[in-house]
Amino acid sequence: MAEKPRIRIPKQAAKNEVVEIKTLIAHLMESGQRKDPSGRIVPRKIINRFACSFNGKPVFECELEPAIAANPYLQFSARVEESGVFSFSWTDDDGSVITAEEKITVV
Amino acid sequence: MILAASMAGGISMQTRAQNARQAPLAIDGPASPVPWVRYAGWPTRDTSKFNSLTRLVSPAPPKAPLKLEKGLTGDPAAGQKLAADRSRGGSCLACHVMGPAGGADLPGNVGPDLSEIGNAGRDEEWLFNYVNDARVYNSDTVMPPWGTHGIFSESEIGDIVAFLKTLKSPAKFKAALDDPMKRPAPIEQRDNLDALINPAMWLIEERAPALWKATGPAGASCASCHSNPVQAFRTWAAAMPRWEPRLNKVLGVEEFVARHAKATTGQSWLMQSEENTALSTYLRYLANGAPMVVDVAGPEAKGAYQRGEALSTRKIGALNFSCADCHGADKSASKWIRGQWLGELRGQLDHFPTWRTSQQSVWDIRKRFQWCQVAIWADDLPPDAPEYGDLELYLAAQNTGQKLSVPGIRH
Amino acid sequence: MRFISRRDAVRLIGGTVLAGSGAAERSWATPAQDSAEIGRFTDGRTGEPGKIALDVPEIAENGNSVTLSFDIDHPMTPERHVTDVLIVAENNPSPRVATFRFTPMSGRATAATRIRLAGTQAVTVMAKTSDGKLLMAQRQVKVTVGGCGG
């Protein structure tokens, strides 16, 4: 998982505006159903959890299964009550976690 | 030195200036791995006994319809299974609605609806010959010669005929979508240039710019000579492919990248390598919005165009299809093979290279050619085969005026 | 609404429920355990239709990447809000696709993602609310059979 996640979020919002957040992370999402050319099952390896919080408080989380398509795309909303920082995390089956942050200003 | 001819208006002064200095090319050596080995995971059946774009070796059709000495004894249930069996050349449902066969699940309509063929006054001998080798009735047919090419055995054709004789009422579809005559033509609506939608855009945003700046064994990078590719190549790829006299063949973007990178930076970015694909996609992307205009007026280019046109009508493979059979406006274009739409030649090139969702990778047009061949049970050629160059030039000419929008995103 | 196949329902009756596991050494849910998880989510209830706008294509070009989005007509206040949403694809090897956890700070119970479908089937979205309601929506997606066969 070398790639930086992609996040699309407005830089500003009105107080209490509900903004749309789009996220994408490059990941094969190996389902554990596929066979390699020699016929052996390729072991499962997916992003199994995504979490978004704002100024430390949970906004939106998901548990992902192998039926989520490769390069998991997650779009959701958040109500912005004050300026601050959105934190995002993606957790791999192997326990590693990729994180990202985006600032937003209430105008 | 080749200038793109004015097929639909002039070309930019920039392209003329670029072409005025010949781009260095590595002339010796191949632009793709030798020997060419088919991609891992692709079908491996031996199709050497059938026509390819380089050989004419398919068995000849019978000179006249075969006479059946005795009546056919076939099993209609076995015939119904064969009609739906995708591993036997896509099989009948790829092109025909056939009553209940395959659960009437997304049959195609390249060929006529056979749901009432059992009442159409066709005798067993006629049905047998049509399946065995329809060329005895129609030399121009698209129907594969299932018997002559050994895809179905004589007794299997008997089973299919027995099944056809049971078809006496119109097909019942579970959903409107299943009826190919009612299925709406697919319109590609995804924003192919949005990196959140099209993974191929990551090549544009990250991989290609990194490769552009990478210093090769010769001590140079692309950037050493081309410091501003966004400006410099705003229309370049729209004039490709083109005849290259130093190689005596048509050169597409991918082969150009391989030979030009080798000659200047020393990099060995063979066709179908991830570096080559990234840069080829990038060079076409830089010309997005430019209308495709290729030179087919020069004497060599004209010859290549004519060869390409001839190759597009050559029937190849065990299934005995030509490009024109599926993509010709007067043949099967705008019809369905199973659930897949067949596009006309025009509109087939402006989005290549494309992200393929079914493959989860970026394919250039040469790889698309190779797959088409393998899918119809014909030998594929190496990606830099001169025949592919001729075909690509012919295809590009059919796409004159189409504006590039690369990378595409498709099934 | 059908979200558990007959074979899995049989196993469910005699099977055990897999508790959520945070351990590094996970064993992935079997189809029976998957069905058990779905059963836990719904508690045997049938969700109330009409409040979830579910958008999936009628026909998908292949099963690799099918866009799914939903929007739930429900307040998202601290007092009343959608809490969990489960997506199920009944004919997939493991029917559970994802579980979304919303909070009042989500602002709106809406999300979009791209899913894998192992063939033509119904896709079901079920939502639980903070006051104990279960909502649902279901759409049929036809996954295209390709022409050439390979």
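In what order do the strands of the open sheet of six strands stand? The close-up views below, all taken from a predicted model, begin with this sheet.

**View 1. An open sheet of six strands is drawn from chains A and C.** The strands follow the order β1(A)-β3(A)-β6(A)-β6(C)-β3(C)-β1(C), and their pairing is antiparallel. At the edges stand β1 (6–8) of chain A and β1 (52–55) of chain C, each of which has a single partner strand, so that one side of each is left without a neighbour in the sheet. Averaged over the sheet and with direction ignored, neighbouring strands are turned by 15° against each other.

**View 2. Strand β1(C) pairs with strand β3 (residues 66–72) of chain C.** The two strands run antiparallel and are joined by four bridges. Within this pairing, Ala53(C) has Asp71(C), a residue of β3(C), as its bridge partner.

**View 3. Chain C and chain A meet in a contact to which chain C gives 27 residues and chain A gives 26 residues.** On the side of chain C that touches chain A, the elements that contribute two or more residues are β5 (96–102) and β6 (110–115) of chain C, and the largest share, seven residues, comes from β5(C). Strand β5 (residues 57–64) of chain A pairs with β5(C) in the antiparallel sense, over five bridges, and here Cys62(A) stands opposite Phe100(C).

**View 4. Domain 1 (76–173) and domain 2 (299–410) divide chain B.** The C-alpha centres of domain 1 of chain B and domain 2 of chain B lie 27 Å apart, and 15 residues of domain 1 are in contact with 12 residues of domain 2. The side of domain 1 of chain B that touches domain 2 of chain B comprises 10 nonpolar residues and five polar ones, with no charged residues.

**View 5. The largest nonpolar core holds 105 residues.** In soluble globular proteins, nonpolar side chains tend to be buried together. The members of this core that touch the most other members are Ile160(B), Ala237(B), Tyr282(B) and Leu393(B). Helix α13 (residues 386–398) of chain B gives the most to the core, with seven residues, while domain 1 (76–173) and domain 2 (299–410) of chain B each supply at least three residues. Once its neighbours within four places in sequence are left aside, Ala237(B) is in contact with Val253(B), Leu283(B), Arg284(B), Leu286(B), Ala287(B) and Leu404(B).

**View 6. An open sheet of three strands in chain B has mixed pairing.** Its strands stand in the order β6-β5-β7, and the edge strands, β6 (361–363) and β7 (408–410) of chain B, each pair on one side only. With direction ignored, neighbouring strands of this sheet are turned by 35° against each other on average. Strand β5 (residues 354–356) of chain B pairs with β7(B) in the parallel sense over three bridges, and in this pairing Arg356(B) stands opposite Arg410(B), which belongs to β7(B).

Key:
Residues are numbered from 1 along each chain as its sequence is written. Chains are lettered from A and ligands numbered from 1 in the order in which they are written. This is a predicted model: local features need pLDDT of at least 70, side-chain atom pairs count only at pLDDT 80 or more; totals for chains, interfaces and linings use all residues. Two residues are in contact if their C-beta atoms, placed from the backbone, lie within 7 Å. Two strands pair if DSSP finds at least two bridges between them. Domain bounds come from an automatic or database domain assignment. Ala, Val, Leu, Ile, Met, Phe, Trp, Tyr, Cys and Pro count as nonpolar, Asp, Glu, Lys and Arg as charged, and the others, Gly among them, as polar. A nonpolar core is a set of buried Ala, Val, Leu, Ile, Met, Phe, Trp, Tyr and Cys residues joined through C-beta atoms within 7 Å. A residue is buried if 20 or more other C-beta atoms lie within 10 Å of its own, exposed if 12 or fewer, and partly exposed in between; C-beta atoms are placed from the backbone. Axes are lines fitted to C-alpha atoms, for helices over the stretch in contact, and angles run from 0 to 180 degrees between N-to-C directions.
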